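Biologist: Please show me the model. I would like to ask about its surface, its helices and its salt bridges.

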Amino acid sequence: MTSPSSWYGNQIMNNIYMWCVTAMTVLVAINALWRLLGERERLCKENLSDKDRAFVWRIVLFLVFPLLTLLDLRTTIVATEWFGGYCRNWSYGLMWYQAIPEGLSSAKLLIPVLFAGWIAQLLFAVCLLPALLFRPHPFLSTLIGYTIVFVCGLNLIVEPIIASVGLGGPRWQLAQIAGPPGEQLLLCLTIIAGAFVYLYLLENQNIRLWFCGLSRPQVATKLNGVLLELTSGRYSASLSCQAALLYDKAGLGRHASQELKRLRCTKPGSIYSYFLEGVLAYKHRNYKSARIAFLRSSEFPEVDGKLKAGLLAAGACSAFADGDATSALNLSERALEFDDDCLVARMVKVDVFLKQGKKDEAGEEILLAMRRGLELDIEDKIPLDSDEAMVAIATLEENRVQELVASRN
C-alpha cells in the first residue's frame, strides 16, 4: 500500500494549469466584486432577471466558493493537528487546495481527517437553511439558495462522480489509495445516502415552489393563483398555458413541459399549444422547433396586427439563433408589415446586418427605431413578450367565442 508521503512526493505542487486557474479566478472575482459594489441597485430589485441570476451564480462561484475552499483547507489542517499529525507544504489556490495529512496516530483517522473540510462545507450549507425561513430579500434569498444547491451538489454529486472515474483531487485519490477499506465503505454509503436526499429535495415540487416564493415572489403569487383555479375544476387552455409559462419563469422547466403535454392532449391544434411549444422550445434552445411553432401560431386566420407581428418576430429570433440569417431577415420584414413598431423585429434586423457586415444599415435601423420613440430595452422580450402575447391571444379567443355565439343566435 502506498504511504501518504510517497503519494505526496509524486504530486506536482506548482502545476502551471492550477495556478493559471487561480489567476483567472482572481480576475473574475475582482470583476464580480466591482460590479457588486457598482450595481448595488440589483440588491433592491424585487423581480430579478435572468442576467441578475447569472450574476448571482458568478458571486457563488468566484466569491463564495473560494471562501468555502479556504474553510475546507483550514478545517483539514486543524483536524490533522488535533489527531497529532501535521500538513507539510500545503497550498491554496482559491478554487483548489492541497494539504496532505502526515504523522497521524492511526491509519483509521486518515479518511475522517481528509473529509473534515468536506463535512464542514456541508454543515455550512445546512446552517444557511434557517436563514431562508425569515424570508430575506429576493436577491439574498437567491444567493443563499444557490450557495446551498452548489455546495451540496458539488460535494455529494460532482466530486464523487469525478473521483469514481479516477479524476478526483488529492483528497479523493489519497482516500482511495491509503484509506482503510471499512472507512472507504462507510464514506461511500454516506455519500450515496446524502446524494439521494439531496436529489429528492431538489426535485420536490413543494420545496421548489416555496423557494420560488422567496426568490421570485411576484411569479409565485401569480402561479399559486393560476394553480388554484386549475385545481378548482375551471380548466381551460388559457389557464394551462399561463401555468406552464409561470412554471418556466419559476425555474420549474419539467413541470412546464408536463403542462404542455397536458395542453396538447386536451386542446390539440390550438393556438395556445403552438404558442407555448414555441416559447418552451426557444428556452430549451431547440430553435428549429420554436420557429415552426411560432409560425404555426401566426398562421391562425384570426391572428393579425401586433400579435401576428410579435409571433413572426419570435420566428425571426428563432431563425437567427438557428443560424439562418436570410430567413430571419425575411421574417422580420414580414413582422414589420403588420406592426412597424415591433422592436424585436427591428433588433433582429440589426443583428442580421451586423452579422453580414452591413454596419451602416444596422445603424440606420437603430436610428429609425429611436426616431419612432421605441425604447431599446429588450430584456424579458426575447423572443417575444409572453405576457403581452397571452393577453392578445386571450382577447382574440374571447372575440372568436362571442362571434360564434352570435352566429348561432
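Biologist: Which helix gives the largest share of the nonpolar patch?

Modeller: This is a predicted model, where local features need pLDDT of at least 70, side-chain atom pairs count only at pLDDT 80 or more, and totals for chains, interfaces and linings use all residues. Residues are numbered from 1 along each chain as its sequence is written, and side-chain values use heavy atoms, without hydrogens and water. Helices H8 (181-203) and H9 (205-215) each supply at least two residues of the patch, helices being DSSP runs of H or I with at least four residues, numbered from the N terminus. The largest share, three residues, comes from H8.

Biologist: How are H11 and H13 oriented to each other?

Modeller: The axes of H11 (residues 237-249) and H13 (residues 271-283) come within 10 Å and cross at roughly 10 degrees; axes are lines fitted to C-alpha atoms over the stretch in contact, with angles from 0 to 180 degrees between N-to-C directions. Angles under 35 degrees count as roughly parallel. Therefore H11 and H13 are roughly parallel.

Biologist: Which residue forms a salt bridge with Arg 291?

Modeller: A salt bridge is a side-chain nitrogen of Lys or Arg within 4 Å of a carboxyl oxygen of Asp or Glu, and the count comes to 12. For Arg 291, the closest N and O atoms are 3.3 Å apart. Arg 291 is in helix H14 (residues 287-298), and its partner, 33 residues apart, is in the loop between H15 (305-321) and H16 (325-338). That partner is Asp 324.

Definitions and conventions:
Parallel < 35°, antiparallel > 145°, perpendicular 65-115°, else oblique.
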